[in-house]
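I opened this entry to look up charged pairs and the contact between domains. My notes follow in the order in which I checked things.

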Amino acid sequence: MFPSFSLRYAHLPSRMSAECAPTRVANPRLVAFNHALAEELGFDSTAFDATEAAEALSGNAPPDGSEPLAMAYAGHQFGNFVPRLGDGRALLLGEVINREGELRELQLKGAGRTPFSRGGDGRAPLGPVLREYLVSEAMHALGIPTTRALAAVTTGERVMRRLPEPGAVLTRVASSHLRVGTFQYFAARQDVEAIQLLADMAIERHYPHLAPLSGGGRYLALLEAVVARQAELVARWMGVGFIHGVMNTDNSTISGETLDYGPCAFMDAYDPLTVFSSIDERGRYAFSNQPHSAQWNLARFAETLLSLLDEDHDRAVALATDAIEAFPEHFEASFGAVKRGKLGLVRVEEGDETLAQELLDTMQAGHADYTLTFRRLADVFEEDGEARLVELFDTPEAIRAWLTRWRERLSREDADAATIAARLRATNPAVIPRNHQVEHALMAAADEDDYGPFEALLAAITRPFEAPEGEPDYTQPPQANERVLRTFCGT
Ligand code: AMP
Ligand code: MG
């Protein structure tokens, strides 16, 4: 049933990871399996067997040919450097080659203690496992680069958190798990050989167009490419109202995929200072701070590459500084394009940025829902459609005034109303995994062993551009009594 594994990471020098067998669990049960993703990864679907999958993906019987290991990494957590973090509860099984011929890493998250576990139990509670499953698959469906979720298995054991919770293991799929923190681990040990191996692996896997380059220019080009990709990633997050919540350097990928869905959440009403994470007391990773945080993380990445950039330290610093200072320009270009798309604009005009900002300001002042506002822009060309948009705002005059300016701008788009409405509906999702629905789905599964709400929500968020029918209405923001104000890492 499983495709064959290649063991690229396992074959790196032994100081880069720790071989580690998963710890057996009492009673594995497969509660979610992503058949479409399995197919892409080259699984043999005709041989699918839920019991075998549960045994393999709980870690009780790792698939043939895999060699579980914990990766070494360091990281800045909320600005403080921790020289040794590493996979404390995740094990890389190895890589598989998908149907497109690309390498994908399969990792079990919550598979037991590792040499990097420190005081932790190496386990994951079911709630956070299902949250990552839902939100990462939603991100994928929204077209945003992300790790994927292949499976969730309950362990039949309890894990102790604030309260005892059912334990679970997530199978995560990534184009790689290389993080800024992976480089930092070796930079802190002045291990230039390891840094170079990692940088070369990153180029081979994620930036193959740079492979012909050599010397310092090769690694400068890598840095510049990662800067551009992270800038685009954060712009895409912000286009859907996503707040990562823990943008520590150990959660910041070199591939430009979204990694680590802890206390992440989507914003309902637009407020750029929105924070959900219970551990982010000072709003370090608030919605509108995300570009700044990404740039800060990239500066830490740049520091790890200095000795590869140029033999002359000052010159290396100057090159790295220029690359990092290019971040805002990349971000503004990406976010500008995202916002133009959300307004249905294809042409580029000077006033577009202001027009977009005015809508955001109007949303904020009018306490309007971010996702619904953009979605209902497509309705204004229909009878009564404008009323459906305006009702989202506490300030109807202000949004009507903005709509007049927007219509005037649209008149220069060279496209009819139907074309613009279709563009808008293909860009602005109807469904995002709203926090109150996510919480409801997790609680039903964890407290009542009822996976109905999880499955219904998963079905809705994996077709985010379709307007779903039926109850519950997944397009709706929470009622006052349903609002979720805090999300927890749940580690
Ligand atoms: P995270 O908050 O998931 O990004 O994890 C930060 C660090 O804590 C990583 O080194 C994790 O491996 C480690 N960690 C998180 N939860 C656990 C756990 N339950 N047991 C052991 N290590 C953990
Ligand atoms: Mg992490």
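**Salt bridges and the domain contact**

I began with Arg 425, which forms a salt bridge with Glu 382, the closest N and O atoms being 2.9 Å apart. The pair links distant parts of the chain, with Arg 425 in helix 14 (residues 417-427) and Glu 382 in the loop between helix 11 (370-377) and helix 12 (385-390), 43 residues apart. I looked up accessibility for both: Arg 425 is partly exposed at 28% relative accessible area, and Glu 382 is partly exposed at 37%. I note that this is a predicted model.

I then searched the whole structure and found 39 salt bridges. One network of them links Arg 347, Glu 349, Asp 352, Glu 408, Arg 409, Arg 412, Glu 413 and Arg 423.

Next I took Arg 179, which forms a salt bridge with Asp 87, with 3.8 Å between the closest N and O atoms. Here Arg 179 sits in the loop between strand 10 and helix 4 (180-187) and Asp 87 in the loop between strand 5 and strand 6, 92 residues apart. Arg 179 counts as buried because its relative accessibility is 2%, under the 20% limit. Asp 87 is also buried, at 2%.

I turned to Arg 89, in the loop between strand 5 (80-82) and strand 6 (90-97). The side chain of Arg 89 does reach the backbone oxygen of Arg 123, at 3.4 Å.

**Domain 1 against domain 2**

I used the domain assignment, which gives domain 1 (14-174) and domain 2 (180-336). The contact takes 31 residues from domain 1 and 38 residues from domain 2. Between them the domains bury about 2900 Å², 60% of it on carbon and sulfur atoms. On the domain 1 side, Arg 15, His 76 and Phe 78 lose the most area to domain 2, together 24% of what that side buries.

I counted five salt bridges across this interface and 13 residue pairs in polar contact. Helix 3 (126-141) is one of the elements that each supply at least two residues of the side of domain 1 touching domain 2; helix 3 gives the largest share, five residues.

Last, I checked Arg 205, which forms a salt bridge with Glu 105 at 2.9 Å between the closest N and O atoms. Arg 205 is buried at 16% relative accessible area, and Glu 105 is buried at 1%.

Note on methods. Residues are numbered from 1 along each chain as its sequence is written. Chains are lettered from A and ligands numbered from 1 in the order in which they are written. This is a predicted model: local features need pLDDT of at least 70, side-chain atom pairs count only at pLDDT 80 or more; totals for chains, interfaces and linings use all residues. Side-chain values use heavy atoms; hydrogens and water are left out. Helices (H or I, at least four residues) and strands (E, at least two) are DSSP runs, numbered from the N terminus. A polar contact is a pair of N or O atoms within 3.5 Å; within protein, one must be able to donate a hydrogen and the other to accept it, and residues adjacent in sequence count only if both atoms are side-chain atoms. Domain bounds come from an automatic or database domain assignment. Contact means heavy atoms within 4.5 Å. Buried area is the accessible area (1.4 Å probe) that two parts lose on being put together, summed over both. A salt bridge is a side-chain nitrogen of Lys or Arg within 4 Å of a carboxyl oxygen of Asp or Glu. Buried means under 20% relative accessible area, exposed over 50%, partly exposed in between (1.4 Å probe, protein chains only).
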